[in-house]
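Here is a short briefing on a protein structure. Look at the model first, then read the points below.

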Amino acid sequence: MTVVTLNAPQFVDTKPLLTARNVCKSYGDVRALRDVSAVVYPGEVLGIVGESGSGKSTFLRCLNLEEVPDAGSYSLDLPDVQGNLFDLDRYARRMLCATQIGIVYQNPHLGLLMNHSSSGNVAERLLVAGERSFDVLRDKARDALDASEFPLERMDAPPSELSGGMQQRVQLAKAIALEPALLLLDEPTTGLDVSVQALVLDTLKRLQQERQITMVIVSHDLGVIQTLSDRVMVMRHGQVVEQGLVDQVFQDPQHSYTQQLVHAKL
Amino acid sequence: MSLKSLTKTWEPMSYGFLDASAKREIRRKMLKAIAVPGCQIPYASREVPMARGWGTGGLQVSCTLINPGMQVKVIDQGADDSVNAASIRKFLARVSGAPTTMNTLEADLIQSRHRIPEEKLREDQILVLQVPNPEPLRPVQPNMSIARQMHADADYGRMWLQLYEQIVRSGRVMQGASYPSLVNGRFVMTPSPIPRWDVPKMDMAAHLTILSAGREKRLHAVPPYTRVEPLVFDDVPYRVEEHAALTCSRSGARGFFMNEIPQGDGTSTYEVSDSELGVKTIRCRDGEAAQVGETWYKSGEMV
């Protein structure tokens, strides 16, 4: 007879990869972010939903160090990354963004050089990080484009000649080329038609499973959040009104705004 | 003390054409440029009796540096006798009284467009290059404010991106002239439209090079004994033009940068681009007294 010993439940002892505390940002009289805090654990996907103007994209831009908030702290639990990242100087910020943070924008014009080739766009990331061998650049660009399921026979075509879905794949390839610790997605599938949206989501899902990338995804589309994320944060008027596991929040919304949101979807 | 005793007496023309304050300003900017090798320093570009784009930047620097004891040489595309070179030389001689020369070895001040002489320059010589576009980042970043930030951050990834795409498209680096080069390990500069052949001459050269763009109102400098490295990939070596095996049809000089002269029957002959080197080689061949100095390239190889 075998004795099955049951262990008592234990606390998760992994440290969060991303910790942002009390981030505030105003544009003149408009308070875009009021004391927004977020924690993301390694390998986890955090979804942020909210209506237009709720501050979700501003928060993501702060996480990508593109915007400096008025107050708050932000840290990443990575070797040789210390302290409040909002205090970094331009140079350190650029190096950190290039090597540790990948971002996919809703508008490909923000993330891509439209007149350079697609492989060149991916290679640029590696060049900023200091890679100076042509063969390595070519191979790594090909690998990254392949991983984001981009048709390789078009890898030297400029993004301006590509379809919206393919442009998003180039952005994704660029973002994952250096295997960043954190991947930020700002409405990655908005503006794509439903079938292409599904394909891009499939790619993201597969990448997440294969590489265990930590992601923060911003969307107003609850379907996208439901497919991809583990945890969700609902934002309104620059504040977090509710957060929790995706199933919990979407099945049993507590805040009236979340209830409206879920209701509107169904 | 009266005000009159402090002011200079009226003269119809100031020495070296530019007025004293203009020369002082350019001198200060030149010192700044030498202090920060490869960094573009803005300056107030003055009017000179020549159209913008014809070498006004170089001319202003020459007018500032010149003194009656200097021998001046002016080159245009390697030739001393082209119209542009001849008129600039005449102008410089007229406003400064400085003697002119065509001999690279005798010259103290050399103003040049598109070429660096084939004979090695010495520590006591100054090379002034005319630059049409001093901004190497312009092809990749048309916004000059952002380009300046990129210089400040040493953010030169896109320069390599340009080379990457040339190799992808054409199988080799297509940049023929103005090859972007890293100065002293810090600033990327465009070395004016000199051919790839001439860029290695700047690396650890004994002479001072000042590159000045009159229309763009900026100048930069390569001080003596400063590293100048053309941007390359680790696995794609820098290549100069394949002129090593060509022979000059007039002087018989071999292993220098050549001008191609197309012939009626579809073939071409070649003529050494540094015209004074060709003249000296012919003089030597004819037994006249002419001294060809040490050259950067020896039998077509950079030493």
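**Spaces inside the protein**

A search of the whole structure finds one cavity of 30 Å³ or more. On a 1 Å grid over the protein atoms alone, a cavity is a set of points where a 1.4 Å probe fits but cannot get out, and a pocket is an open set with protein on both sides within 12 Å along at least five of seven lines; lining residues have an atom within 4 Å of a point. This is a predicted model, in which local features need pLDDT of at least 70 and side-chain atom pairs count only at pLDDT 80 or more, while totals for chains, interfaces and linings use all residues. Residues are numbered from 1 along each chain as its sequence is written, chains are lettered from A in the order in which they are written, and side-chain values use heavy atoms, without hydrogens and water.

**Cavity**

- Helix 6 of chain A gives the most to the lining of the largest cavity, with three residues.

**Pocket**

- The volume of the largest pocket is about 1,200 Å³.
- Of the 29 residues that line the largest pocket, A:Arg94, A:Tyr105, A:Leu110, B:Asp155 and B:Arg158 lie nearest its centre.
- Among the elements that give two or more residues to this lining are helix 3 (108-111) of chain A and helix 5 (144-153) of chain B.
- The most comes from helix 2 of chain A, with five residues.

**Strands 1 and 2 of chain A**

- Strand 1 (residues 18-27) and strand 2 (residues 30-40) of chain A run antiparallel and are joined by seven bridges; two strands pair if DSSP finds at least two bridges between them.
- A:Val40 in strand 2 stands opposite A:Leu18.
- The hairpin of these strands has two residues between them, and A:Gly28 there takes a positive phi near 60°.

- B:Leu3 lies in helix 1 (residues 3-6) of chain B.
- B:Leu3 counts as exposed because its relative accessibility is 66%; buried means under 20% relative accessible area, exposed over 50%, partly exposed in between (1.4 Å probe, protein chains only).
- B:Thr247, in the loop between strand 9 (228-230) and strand 10 (258-262) of chain B, is partly exposed, at 34%.

Notes
Helices (H or I, at least four residues) and strands (E, at least two) are DSSP runs, numbered from the N terminus. Grid points are joined across faces, edges and corners, and a volume is the space filled by probe spheres set on the points.
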